[in-house]
Amino acid sequence: RALQVSIRALPHIDPGLLVLALSDQTQQEAVERMRADFVANASHELRTPLASLIGFIDTLLGPAADDVQAQRRFLAIMQTQAARMRRLIDNLMSLSRIQLMEHDRPRGRVDLAPVIANVADGLEPLLQSRNIELKIDLASGLPSVRGDADQVAQVLQNLLDNALKYATRRITLSASPVQGGVWPAAAGVVLAVRDDGPGIAAHHLPRLTERFYRVEEGQAGRVGSGLGLAIVKHIVGRHSGRLQIESSQGKGSLFSVWLPRA
Ligand code: ADP
């Protein structure tokens with residue numbers, strides 16, 4: 001349609017320019033479709049806990065108005081649903097913030113040891129309650145990486161949060177320098193998070209970093225937003241890094257992030 005309009009409006013136009021206009025239009029349409037899909041998905045994800053909250057409010061005001069025991073039970077469920085909505089909104093905001101700054105390359109120097117120690121400390125209560133060991137393997141003489149310390153921490157946090165959801169006994173977090181060669185770019189550091197969980201079937205792997213993509217829907221205790229790995233992908237992209245996922249069913253998962261050295 002765009003091409004026909006252009007031809008009618010400008011009969012003497014160079015055909016090369018027409019092709020250019022057409023491909024530009026297609027790209028713009030793809031971006032707009034992605035944006036519309038994103039809004040539809042985000043609304044759908046928010047609607048689910050919201051519908052549950054509205055349902056419980058109706059019950060609390062109606063049939064359960066005088067039943068104190070039922071009220072307590074329903075309020076506890078509502079608390080979980082509200083927390084889920086808050087997590088989702090926080091993740092949506094993180095993702096949009098990161099996407100907005102994607103072309104603005106971070107220039108800071110990040111010393112990884114304190115970042116890793118900080119994230120690991122924060123996980124301690126959950127590790128204890130789930131009886132999971134976190135083994136940290138920091139190579140000596142680790143160079144600083146080029147980046148934004150808060151975002152590097154968020155990458156580790158998201159990968160470790162996932163590992164914690166699936167690990168059975170142990171998670172290993174390692175940081176090792178690479179000289180280039182194995183990874184496509186120059187010298188840097190590989191951060192790797194390995195878990196001994198159920199692993200992920202091969203056909204899911206290429207889609208894991210898509211926004212809202214989840215392998216299994218709504219398993220108890222594992223309901224996530226489906227945004228964690230999308231956030232990781234965008235942060236790694238902003239840092240000109242690489243993300244690699246290796247996993248097979250029954251053999252755990254390994255998420256590795258390469259970041260260029262400062
Ligand atoms: P979520 O917030 O749902 O965890 P993510 O984007 O972080 O979203 O992960 C996408 C999906 O990838 C998850 O729903 C889960 O099915 C799968 N996944 C991520 N990490 C692991 C892991 N360590 N082991 C098994 N499955 C995983």
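Visitor: Which residue in β4 does I136 stand opposite?

Guide: I136 stands opposite L173. This is a predicted model, where local features need pLDDT of at least 70, side-chain atom pairs count only at pLDDT 80 or more, and totals for chains, interfaces and linings use all residues. Residues are numbered from 1 along each chain as its sequence is written, and side-chain values use heavy atoms, with hydrogens and water left out.

Visitor: In which sense do β2 and β4 pair?

Guide: Strands of a sheet pair through backbone hydrogen bonds, either parallel or antiparallel. Here β2 and β4 (residues 170–178) pair in the parallel sense, over six bridges. Strands are DSSP runs of E, at least two residues, and helices are runs of H or I, at least four, numbered from the N terminus; two strands pair if DSSP finds at least two bridges between them.

Visitor: What is the strand order in the open sheet?

Guide: The five strands follow the order β2-β4-β5-β7-β6, with mixed pairing. Because β2 (133–138) and β6 (242–247) each have a single partner strand, one side of each is left without a neighbour in the sheet.

Visitor: Where is F212 found, and what is its phi?

Guide: Most residues other than glycine have a negative phi. F212, in the loop between β5 and α6 (228–238), has a positive phi near 70°. S240, in the loop between α6 and β6, also has a positive phi, of about 55°.

Visitor: Is F212 buried or exposed?

Guide: Buried means under 20% relative accessible area, exposed over 50%, and partly exposed in between (1.4 Å probe, protein chains only). F212 counts as buried at 10%, while S240 is partly exposed at 30%.
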